[in-house]
Amino acid sequence: MTRASAAIPDPAAFLAQIDSVRTSDHPRFVRMLAQIHREAPRLNPAEQWHLRYLDAWQTAYQGDYTKADAQLRAVAEHAGDATLAARASAMRLTGLGFTRRYEEAFALADRLATDLPNIKDPLARFQVLFNLAQSMLLADKRDLALNYARMIESNLPPGATLCPPRSLQITIRYDSPTLTSSSPEFHQAIETCKAAGQPVYVNTLRLVMVDTYLRENQPAKALALLDRIEPGIKRNGLYAHIESTAVFRARALLALGRLADARTAALAALSLSDPNEISEALKAVYEVLYKVEKERGDTAVALSYFERYTVQDKGYLNDVSARALAYQTVQQHLLTGKLETEKLSRQNAMLRLQRALDAKAVETGRLYILMLLLIVAFIASWLYRLKRSQLRFKRLSHHDGLTGIFNHQHFIGEAARVLQASKKKKEQACLISIDLDYFKQVNDTHGHAMGDAVLKQTVAICQQELRPADLFGRLGGEEFGILLAGCSRHQGLEIANRIRIAIDATPMGHDDCVITISASVGLASTEVSGHDLQRLCKEADAALYRAKGAGRNRVVAHAGTGDLLDKEGIPVPGSTLRSGATPVSVAELE
Ligand SMILES: Nc1nc2c(ncn2[C@@H]2O[C@H](COP(=O)(O)OP(=O)(O)OP(=O)(O)O)[C@@H](O)[C@H]2O)c(=O)[nH]1
């Protein structure tokens, strides 16, 4: 929608301008308001709400506080503009006071006071503070009202003058004995507002001055001042001022003894208000009428006015106590609310603490479980290592470090056990004793390392000829023992000779140094020697000794006739046991 044809080129600026002349030039305010209303359909939503606020303000200005309150509430709740909402709420405070909705007024005052730090717009802040001061005045909390007035004074919005806070301070001190018609601050406030071009404030202060003259029993001065200010008051059209002017005029005329004029003025004042309402103004009007009629001697009419006066007086007193009560009630509610909130927040804190404790307990529990698991894992790993080293030590204590086969001690122990079992099962077994020939020469010629390599390779060759059940051990330097379980003497001789041949035939040593070596073998069998290990050892050693003596590289079996093997390794009774080209002699033992 275009605004090219609009008479008001910038509605927002125009609205701001209307806003600024509300009290300084009220007739212009009314004219401008009517002007922008003609263009209302062209306004955007924000401008519409601003206009509605100004309409509400004017409604309150004219004295229709109930209607104004509904309008202001709509602005506060739906405008979606925090500043305008604060201003509308501030305006509502005064109207709620006038319509005697004191509890609502004080509750709203409290909300606004709490929200004050968030109200950043200087004009809105000014308006909130101003109306808060007035609501405190309503509750007869003059000290609080003065505090708000001073806050306004020390923090004026741009373009504002000292007029509003100064006149507010005078209003707050209204009725106080320290404020007289000659108090300099009174006159200074009037001058400040005059200089600021604020006729509404000037009139407020002058009306307070009129009332002060009346209280000081200076009715002539009061009347003179009223005569002077009445045209301006009528021009500005502020209902509260018009009503006060009429009432003060009646009071002044009565005090001057101008009974007929006083009566006329009082009836004029009465016509401005709803006679059934309770107000300070009506109370004053009925008092004037009662006194006028009494002076005139019309007792019946005087009595009827007196009755209305007492109703108003009582009503007014009730109203004062109602305000005080409402204030106390709101404070009590707020206090209860605060206590309730504190209680709730204490409970919340307790709950939070409890939750934190529970969480800590769970965490501690987890920590304990973790620690326990760690301890268990540590113990398990420690036991595992212990077992492993036990096994290693056991193995080391049972086996020969160089070749890995049983050491002498373990071999003897195991051999005794196997022989024992063989004896029980009535099985035969053979004990073979192997000794490498001229091994010293290997060490001397090729070094100790070469000797070790030969020993290991000899073991490997022997193992190829053995069965899993056979026992194999290193009995000394280059001497080995084999116990063949479940083995006849002939079988034993075959195995012994295969071992001898294999040793003799296998080149040993390193890559760069290869040698051949032979072994002499002695054999004892349970068939001849029985199952006693000691005897078997002794007789196998003796056979070995004989093999060495007979020229080495041969197998000699102890006793019996099948102890000699031919060159193919077939046992031949009485023949020589030898291999390859090496001439070997065989001795038949015993
Ligand atoms: N390299 C090495 N040599 C060993 C080991 N144990 C013993 N010997 C050596 O084996 C040699 C055994 O020599 P001797 O008892 O004289 O026997 P031999 O030289 O084999 O002669 P015969 O048995 O008579 O044929 C010694 O020189 C020992 O030092 C060992 O573990 N490693």
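In the predicted model, strand β2 (residues 471-474) and strand β3 (residues 479-485) run antiparallel and are joined by 4 bridges. The two strands form a hairpin, with 4 residues between β2 and β3, and within this pairing R474 has F480 of β3 as its bridge partner.

Helix α19 (residues 448-465) packs against helix α20 (residues 489-505) at an angle of about 145 degrees, the axes lying 9 Å apart, and the crossing of α19 and α20 is right-handed. T458, I461, C462 and E465 of α19 make this contact with I495, R498, I499, A502 and I503 of α20; the residues of the contact comprise 6 nonpolar, 1 polar and 2 charged.

For helix α9 (residues 163-172) and helix α11 (residues 199-215), the packing angle is about 20 degrees and the axes are 10 Å apart; α9 and α11 are therefore roughly parallel to each other. The crossing of α9 and α11 is left-handed. On the α9 side, C163, P164, S167, I170 and T171 meet Y201, T204, L205 and V208 of α11, and the residues of the contact of α9 with α11 divide into 6 nonpolar and 3 polar, with no charged residue.

Key: Residues are numbered from 1 along each chain as its sequence is written. This is a predicted model: local features need pLDDT of at least 70, side-chain atom pairs count only at pLDDT 80 or more; totals for chains, interfaces and linings use all residues. Axes are lines fitted to C-alpha atoms, for helices over the stretch in contact, and angles run from 0 to 180 degrees between N-to-C directions. Angles under 35 degrees count as roughly parallel, over 145 as roughly antiparallel, 65 to 115 as roughly perpendicular and the rest as oblique. A crossing is left-handed if the near helix is turned anticlockwise from the far one by less than a right angle, and right-handed if clockwise. Two residues are in contact if their C-beta atoms, placed from the backbone, lie within 7 Å. Ala, Val, Leu, Ile, Met, Phe, Trp, Tyr, Cys and Pro count as nonpolar, Asp, Glu, Lys and Arg as charged, and the others, Gly among them, as polar. Two strands pair if DSSP finds at least two bridges between them.
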